[in-house]
Amino acid sequence: MRVTAAGSLPGDDFRGALKAMTEALPEVLPLPELPARGVASAMVGRALGLIDGLNFDLQPAGWRLTANSDADHRRARAQWRHDLDDAEELLQGFDATLKVAVAGPLTLAASVERPAGDRLLADHGARRELAEALTDGVATLRADLARRLPEATLLIQVDEPAMRAVIDGQIPTASGFGKHRSIAEPEAIEILKPLADGALLHCCAPGRWLDVARRAGFAGVAVDSRLADLDELAQWSDERRTLVLGVVETSSARPQSVDELTREALRVLREIQTDIGEHLLLGTACGLAGWRHQDVLRQLENLTRAASLVEENLARG
């Protein structure tokens with residue numbers, strides 16, 4: 001059984017992180033995200049760094065759509081260039097799966113402000129424009145990586161931690177006294193659909209959302225095993241769609257033993273009565289950026305060992 005991780009890691013050394021992940025997760029290698037390098041390398045800033053044609057600046061309240069990009073947005077764009085240069089150098093001959101995480105359009109719309117204030121979520125046209133610009137940026141990224149690493153299989157992971165809250169109308173307005181109107185599921189699906197081809201949809205929030213992923217056309221999902229709806233997971237697995245089961249609980253930054261991870265994986269997999277195959281992977285619920293360096297590699301080693309034990313247990317029935 002293959003293993004992977006969400007992508008975000010502690011520290012600010014991209015080359016060192018990439019080398020470590022190449023050794024720890026060689027089959028489905030997550031391109032490191034390092035929020036400790038600054039706001040341009042955090043989830044939202046990193047996604048905006050892929051966007052060309054729209055401009056953003058950084059305000060005390062966060063990122064804002066504006067007429068001219070500021071130094072922080074330019075830094076986010078430059079950071080991608082540096083990271084891709086390093087990846088091209090360090091991954092020559094890499095012929096497995098390279099997984100690259102990008103914040104999705106619903107989460108970005110809930111995080112980025114309009115020029116006049118409040119979130120882009122409040123403006124139908126603006127959120128559409130942002131989604132289209134992100135789709136173009138991801139397409140450019142795909143082409144760039146295909147040129148730089150022609151033997152690698154590229155897998156885009158679309159991170160949508162705010163997706164359920166957006167659909168349910170739970171995103172607070174700037175005043176804090178109200179909530180933004182919900183985006184109906186059909187609109188959310190249409191916004192996500194252009195990013196779905198050959199990609200994973202990752203959400204580590206509670207609630208049912210796998211049908212949104214299915215209708216948008218995603219090839220796979222990455223879920224938090226403790227928050228996922230088991231009936232939804234069973235149906236998804238029955239369809240032989242890719243499932244990354246996040247058995248490493250990440251929010252507490254507490255290392256978990258091989259036995260803990262094995263028990264958690266078997267709890268879910270026996271309940272949903274799935275079989276082992278290429279469609280099933282074990283992973284982390286979310287990122288590991290808040291963890292200590294020394295704990296990250298040990299945790300990934302434990303995850304790899306747990307995957308072998310899970311496979312043996314399920315094979316025995």
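# Briefing: helix packing, sheet and salt bridges

Helices α5 and α7 are roughly parallel to each other. This follows from their crossing angle: the axes of α5 (residues 124-148) and α7 (residues 185-192) cross at roughly 30°, and angles under 35 degrees count as roughly parallel. The structure described here is a predicted model.

**The contact between α5 and α7**

- Two packed helices are described by the angle between their axes and the distance between the axes.
- For α5 and α7, the axes come within 10 Å.
- On the α5 side, the contact is made by H124, R127, R128 and A131; on the α7 side, it is made by E187, E190 and I191.
- By residue class, the contact of α5 with α7 consists of four charged, two nonpolar and one polar residue.

**The sheet**

- Strands of a sheet pair through backbone hydrogen bonds, either parallel or antiparallel.
- How many of the seven residues of β9 are buried? Six are, so the strand is largely enclosed by the rest of the structure.

**Helices placed on the sheet**

- E264 belongs to helix α10. Is this residue buried or exposed? Its relative accessible area is 10%, and buried means under 20%, so E264 is buried.
- Apart from neighbours within four places in sequence, E264 is in contact with S225, R226 and V247.

- Side chains of opposite charge can pair when their charged atoms come close.
- R15 and E89 meet through their side chains in a salt bridge, with an N to O distance of 3.1 Å. R15 lies in helix α1 (residues 14-24) and E89 in helix α3 (residues 71-90), so this pair ties together parts that are 74 residues apart in sequence. R15 counts as partly exposed, at 28% relative accessibility.
- R77 forms a salt bridge with D52, and their closest N and O atoms are 3.9 Å apart. This pair links distant parts of the chain, 25 residues apart: R77 is in helix α3, and D52 is in the loop between α2 (43-48) and β3 (55-59). D52 is exposed, with a relative accessible area of 66%.
- D144 and R147 form a salt bridge in which the closest N and O atoms are 2.6 Å apart. Both residues lie in helix α5, three residues apart, which is about one turn of the helix. D144 counts as buried at 18% relative accessibility, whereas R147 is exposed at 56%.
- A network of salt bridges links R164, D168, E185, D211, R214, R215, E239 and R241.

**The start of the chain**

- M1 is found in the segment before β1.
- Which residues does M1 contact, leaving aside neighbours within four places in sequence? They are I276, L280, L281, L282, A307, V310 and E311.
- By contrast, the C-alpha atoms of M1 and Q59 are separated by 44 Å; these residues are 58 apart along the chain.

**Residues with positive phi**

- Most residues other than glycine have a negative phi, and most peptide bonds are trans.
- D118 is not a glycine, yet its phi is positive, at about 65°. This residue is placed in the loop between α4 (105-111) and α5.
- R240, a residue other than glycine, has a positive phi near 60°. R240 is found in the loop between α9 (230-238) and β9, and it is partly exposed, with a relative accessible area of 45%.

Key:
Residues are numbered from 1 along each chain as its sequence is written. This is a predicted model: local features need pLDDT of at least 70, side-chain atom pairs count only at pLDDT 80 or more; totals for chains, interfaces and linings use all residues. Side-chain values use heavy atoms; hydrogens and water are left out. Axes are lines fitted to C-alpha atoms, for helices over the stretch in contact, and angles run from 0 to 180 degrees between N-to-C directions. Helices (H or I, at least four residues) and strands (E, at least two) are DSSP runs, numbered from the N terminus. Angles under 35 degrees count as roughly parallel, over 145 as roughly antiparallel, 65 to 115 as roughly perpendicular and the rest as oblique. Contact means heavy atoms within 4.5 Å. Ala, Val, Leu, Ile, Met, Phe, Trp, Tyr, Cys and Pro count as nonpolar, Asp, Glu, Lys and Arg as charged, and the others, Gly among them, as polar. Buried means under 20% relative accessible area, exposed over 50%, partly exposed in between (1.4 Å probe, protein chains only). A salt bridge is a side-chain nitrogen of Lys or Arg within 4 Å of a carboxyl oxygen of Asp or Glu.
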